[in-house]
Amino acid sequence: MSEELIRAFVDMQEQDVLRIVKEMLGQDVDPQEILAASRQALEAIGQRFESGEAFLPELIMGGEIMDQVSKLVKPRLQQEIAVKRRGKVLIGTVAGDIHDIGKDLVVFMLDVNGFEVCDLGVDVPAEAFVEKIKEFEPHVVGLSALLTTTFESMKTTIDTIREAGLRDRVKIAIGGGTIDELLVDYTGADAYGADAMAAVELSKKWIEGV
Ligand code: B12
């Protein structure tokens, strides 16, 4: 059914996508599988955009469909996870970047897994991270970016945190569609997380040592 979902998503058939997701949930398909298929579809839409076969309205529409899918899937994820507060995570999409669908999923997964999360939103200046670290005192800082042009902004954010004398107080995770392991050294982060569960696992490891 994942294949059918991906096809309908890429063809922008919103009603079909929502119907298929509801059917999958009705058949107890793992909600993570539904999210993975939706992400794959968004990737295909992104590739079409890159090659000039799709345009900005398609990107926007793709984002909106993903939002709807997340809304349907979230209650099911929530049921599955027992909540226990474990530590604080500060997160935001770095300056120059307004993508937030993936970041919001990370926030959601951290929240339902028991972390106290402070979300600074999108296009967040480095100084805003610094101020919030002082006030909120998180154990972990998560930086999200989806544009190659905002890699630099990620590095600047971490440099600014270091210059403010706060780098040793927090662990820093980076993530987002175009980010990979190779950027950990360049930006000065502690680790890269490929998806929302990776953000949870890294936070557990850093805060609880598991
Ligand atoms: C939807 C979308 C948009 C929407 C965003 C809506 C929104 N509210 O977010 C809109 C239409 C606004 C948009 C705008 C633009 N976009 Co856009 N967009 C996308 C698209 C299709 C999907 C992104 C998405 O939501 N993915 C689904 C989520 C669930 O995945 P994710 O973000 O990767 O997040 C997961 C993981 O990465 C991870 N994660 C995310 N953050 C973090 C953080 C931490 C700490 C950790 C551990 C993990 C983690 O967990 C998440 C859940 O599993 C991508 C294509 C793609 N392949 O990603 C292009 C894409 C990112 N966009 C692109 C571009 C070029 C743009 C624009 C510049 C277009 C333009 N000409 O205006 C603008 C940029 C505006 C700006 N300044 O930011 C390019 C970037 C190319 C590049 N290499 O830089 C892409 C790759 C499309 C393409 N192939 O060309 N976009």
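Student: How many residues of domain 1 are in contact with how many residues of domain 2?

Tutor: 9 residues of domain 1 are in contact with 8 of domain 2, contact meaning heavy atoms within 4.5 Å. This is a predicted model, where local features need pLDDT of at least 70 and side-chain atom pairs pLDDT 80 or more, while totals for chains, interfaces and linings use all residues. Residues are numbered from 1 along each chain as its sequence is written, and side-chain values use heavy atoms, leaving out hydrogens and water.

Student: What makes 2-80 and 87-208 domains 1 and 2?

Tutor: The domain assignment of the chain gives those bounds; such bounds come from an automatic or database assignment.

Student: What area do domain 1 and domain 2 bury between them?

Tutor: About 760 Å², with 73% of it on carbon and sulfur atoms. Buried area is the accessible area (1.4 Å probe) that two parts lose on being put together, summed over both. On the domain 1 side, Arg 39, Lys 74 and Gln 78 supply 45% of the area buried against domain 2, more than any other three residues.

Student: Why is the ligand said to lie between domain 1 and domain 2?

Tutor: Both domains give residues to the shell around the ligand, so the ligand lies between them.

Student: Why is His 99 (NE2) called a donor of the cobalt atom?

Tutor: Donors are N, O and S atoms within 2.8 Å of the metal (3.2 Å for Na, K and Ca). NE2 of His 99 is 2.3 Å from the cobalt atom of the ligand, so NE2 qualifies. His 99 is the only protein donor there, though water is not among the atoms, so sites may look incomplete.
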